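Have the sequence and the 3D view open as you read.

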Amino acid sequence: MEMILAPSMLSANFAHLGEDFAQAMQPGVKWLHVDVMDGHFVPNISFGPPVISSVRKLLPETFLDVHMMVEEPLRFVEDYKNCGADLLTIHAEATVHLEETIEAVRAAGMKVGVAISPATPVEDITAVLSRVDMVLVMSVVPGYGGQSLIPHTLDKIRELVTLRKKLGLKYDIEIDGGVKLDNLDTVLESGANVIVAGSAIFSGDIAGNAAAFLEKLQAYKAV
Ligand code: DX5
Ligand code: ZN
């Protein structure tokens, strides 16, 4: 699997996104993780289509990996297509229409992911694994950046790697929450290939942080 770094803009400074992106989105960083929060599925509220449209203009080549922490996301599929999302990931816990929503995202011309929160078992999504491009395993309770990784969530990544082989599928496995340089080796060994990092990148030396993550990912790929 391709190793992909997806900096999470939730931890960027919203008053100067352009400057923060100029440091983080260096050559080799092809994805941006975009956390949409509605104040219902999670208590926090982040941003929505108007902000994402601006980001799309700022970063025309970047793959926008949109993580929908939103109740019943089927209502908004067209809006997110129109503002420039490349991939829309929906939470299994956020809808009673999981399959219909997955099909709607694909029909709108985007890639589609399914996400599970820490308390949700892999078995809740096995029925849809053959229909998604990516599985997002939340390694913190969704809602806020800057939390600590919950170790048992890595077991679900290992389970998804085993299932992928057994079922002959190709989905990417994304980990989101609490990933730092000092736990990156363990995270990579679990089998995740799309690595989200928010506070570990958008604090202090942003360019240096992104470069250090990239270097580790590239070294891992070479192994
Ligand atoms: C949390 C978000 C994450 C968050 C990760 O609900 O889904 O994408 O930005 O931030 P860190 O890397 O700081 O845990
Ligand atoms: Zn996220």
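## Terms and model

A residue counts as buried when its relative accessible area is under 20%. It counts as exposed over 50% and as partly exposed in between. The model is predicted.

## Thr95

Thr95 sits in the loop between strand S4 (87–91) and helix H4 (98–107). Is Thr95 buried or exposed? Its relative accessible area is 9%, so Thr95 is buried.

The side chain of Thr95 has two polar partners to look at. One is the side chain of Glu72, in a polar contact at 2.8 Å. The other is the backbone nitrogen of His97, which lies 2.7 Å from a polar side-chain atom of Thr95. Set aside neighbours within four places in sequence, and Thr95 is in contact with Glu72, Pro73 and Thr101.

## The shell around ligand 1

Ligand 1 is surrounded by 20 residues. Asp35, Gly143, Asp176, Gly198 and Ser199 are the closest. Strand S2 (31–37), strand S3 (63–69) and strand S8 (194–197) each give at least two residues to this shell. S2 supplies the largest share, with 3 residues.

## Polar atoms and burial

For Asp35, a polar side-chain atom is 2.7 Å from a ligand 1 oxygen. For Gly146, a backbone N or O atom is 2.8 Å from a ligand 1 oxygen. A polar backbone atom of Gly198 also lies 2.8 Å from an oxygen of ligand 1.

Taken alone, ligand 1 exposes 380 Å², and the protein buries 100% of that. The space that ligand 1 takes is the largest cavity.

Notes: Residues are numbered from 1 along each chain as its sequence is written. Chains are lettered from A and ligands numbered from 1 in the order in which they are written. This is a predicted model: local features need pLDDT of at least 70, side-chain atom pairs count only at pLDDT 80 or more; totals for chains, interfaces and linings use all residues. Side-chain values use heavy atoms; hydrogens and water are left out. Helices (H or I, at least four residues) and strands (E, at least two) are DSSP runs, numbered from the N terminus. Buried means under 20% relative accessible area, exposed over 50%, partly exposed in between (1.4 Å probe, protein chains only). A polar contact is a pair of N or O atoms within 3.5 Å; within protein, one must be able to donate a hydrogen and the other to accept it, and residues adjacent in sequence count only if both atoms are side-chain atoms. Contact means heavy atoms within 4.5 Å. A residue is near a molecule or strand if one of its heavy atoms lies within 4 Å of it. Accessible areas come from the Shrake-Rupley method with a 1.4 Å probe; for residues, only the protein chains shown count as cover. On a 1 Å grid over the protein atoms alone, a cavity is a set of points where a 1.4 Å probe fits but cannot get out, and a pocket is an open set with protein on both sides within 12 Å along at least five of seven lines; lining residues have an atom within 4 Å of a point. A molecule sits in a cavity or pocket if more than half of its atoms lie within 2 Å of its grid points.
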